[in-house]
Amino acid sequence: MNKRVVITGLGIYSCIGKNLDEVAKSLYAGKSGIDIDPERIKYGYRSPLTGIVELPQLKGLLDRRLRVGMAEEGEYAYMATLEALKTANIDMDYLDNNEVGIFYGNDSSAKPVIEAYNVLMEKKDTTLMGSGFIFQSMNSTVTMNLSTVFKLRGANMTISAACASGSHSIGLGYMFIKQGLQDMVLCGGAQETNIHSMASFDALSAFSVRTDEPTKASRPFDASRDGLIPSGGAATLVLEEYEHAVKRGATIYGEVIGYGFSSNGMHISQPSDTGCLIAMQRALQDARIAAKEIDYVNAHATSTPQGDVMEAIALDRIFGESQPLISSTKSMTGHECWMAGASEVVYSLLMMQNSFIAPNINFETPDEYSAKLNIAAKTVEKKLNVVLSNSFGFGGTNSALIIKRM
């Protein structure tokens with residue numbers, strides 16, 4: 001089988017907006033969601049910079065029984081999924097009567113683990129820890145909660161692949177539908193933003209310390225970049241088999257036409273230009289298009305010295321003279337980690353819908369590698385037909401997705 005896979009629902013909850021409309025406006029304006037978290041200073045962080053994501057208020061939306069087992073990233077994912085289902089015109093009656101699967105990216109759930117440990121150390125009695133911690137602390141917390149809340153009965157898997165988790169979730173959803181195994185799946189990625197979630201990354205000195213101007217701290221591809229900014233939230237997409245979507249009269253936001261993947265097989269934390277290149281080449285081969293047909297690349301570029309270089313080399317190698325416009329929305333959002341691969345597809349689709357390319361803000365001075373790329377430092381008005389979204393992560397996992405306008 002080789003069925004067509006389309007996107008019929010979108011939802012987003014991020015530091016640049018709590019819904020699609022807010023996020024689209026922020027993208028167009030080049031508005032940053034990064035600021036200083038005072039709690040990180042108290043906690044002992046080297047860098048207090050982060051994407052500021054407002055915690056959703058679920059009381060009144062979900063009963064207490066369901067809220068007890070939902071971790072922070074699950075709350076973000078719930079909000080994003082509500083919006084995705086609404087844009088897809090899917091209600092609870094539909095979910096009750098049809099099989100829908102879920103693939104969601106999540107690679108940690110730090111806060112409940114630490115909180116459970118603290119309770120245990122204080123009480124010295126495991127029975128006093130409460131029932132919610134087990135469901136909050138598992139990596140599969142998002143899928144187990146969303147599948148319960150929305151009564152999903154199809155494929156149900158958490159994709160744990162570092163900062164490519166959200167992208168691979170879309171890739172696997174695409175493959176399941178393409179092979180006729182599911183008609184509809186929810187795909188996405190979620191990332192907690194609390195002080196516990198990023199302390200170990202901060203310990204690696206991976207974060208920018210440009211605290212004098214927080215909104216200028218995330219500088220993908222810029223020569224003066226000094227590290228990434230952690231961030232989070234959640235993004236959900238509804239993927240659907242094309243004929244199935246047409247039959248139910250769904251609005252189609254785009255078509256997934258290519259998915260590529262690779263593993264560097266080298267250093268656990270160092271990126272590889274060859275690994276990036278292979279993932280992009282496979283995506284192009286799967287889409288059966290040439291590199292010159294790509295109108296825009298949403299780069300993975302996180303604002304780290306080495307990571308941006310490796311991706312820049314790979315982008316130059318694959319695009320050569322065609323050089324499509326490129327930007328990293330992480331310049332505004334920071335690095336949304338397990339969520340990023342999914343949110344950046346949503347960001348790209350919003351650009352496609354509204355015919356613009358979001359700027360790579362803070363790109364002032366290229367280095368010798370980024371100077372070879374066609375980076376959009378300002379918002380560009382442009383109709384987009386085909387976009388490429390890159391996501392790479394620790395352990396050498398690489399993912400590339402190609403989306404086409406319908």
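Colleague: Is Lys-124 buried or exposed?

Modeller: This is a predicted model, in which local features need pLDDT of at least 70 and side-chain atom pairs count only at pLDDT 80 or more, while totals for chains, interfaces and linings use all residues. Residues are numbered from 1 along each chain as its sequence is written, and side-chain values use heavy atoms, with hydrogens and water left out. Buried means under 20% relative accessible area, exposed over 50%, and partly exposed in between (1.4 Å probe, protein chains only). Because its relative accessible area is 62%, Lys-124 is exposed.

Colleague: What is the phi of Lys-124?

Modeller: Lys-124 lies in the loop between helix H6 (110-123) and helix H7 (132-137); helices (H or I, at least four residues) and strands (E, at least two) are DSSP runs, numbered from the N terminus. Most residues other than glycine have a negative phi. Although Lys-124 is not a glycine, its phi is positive, at about 55 degrees.

Colleague: Is His-300 buried or exposed?

Modeller: His-300 is found in the loop between E9 and H13. Its contacts (heavy atoms within 4.5 Å) include Cys-163, Glu-311 and His-335, not counting residues up to four places away in sequence. Since its relative accessibility is 9%, His-300 counts as buried.

Colleague: How are H4 and H8 oriented to each other?

Modeller: Two packed helices are described by the angle between their axes and the distance between the axes. The axes are lines fitted to C-alpha atoms, for helices over the stretch in contact, and angles run from 0 to 180 degrees between N-to-C directions. The axes of helix H4 (residues 72-87) and helix H8 (residues 141-149) come within 9 Å and cross at roughly 45 degrees. Angles under 35 degrees count as roughly parallel, over 145 as roughly antiparallel, 65 to 115 as roughly perpendicular and the rest as oblique, so H4 is oblique to H8.
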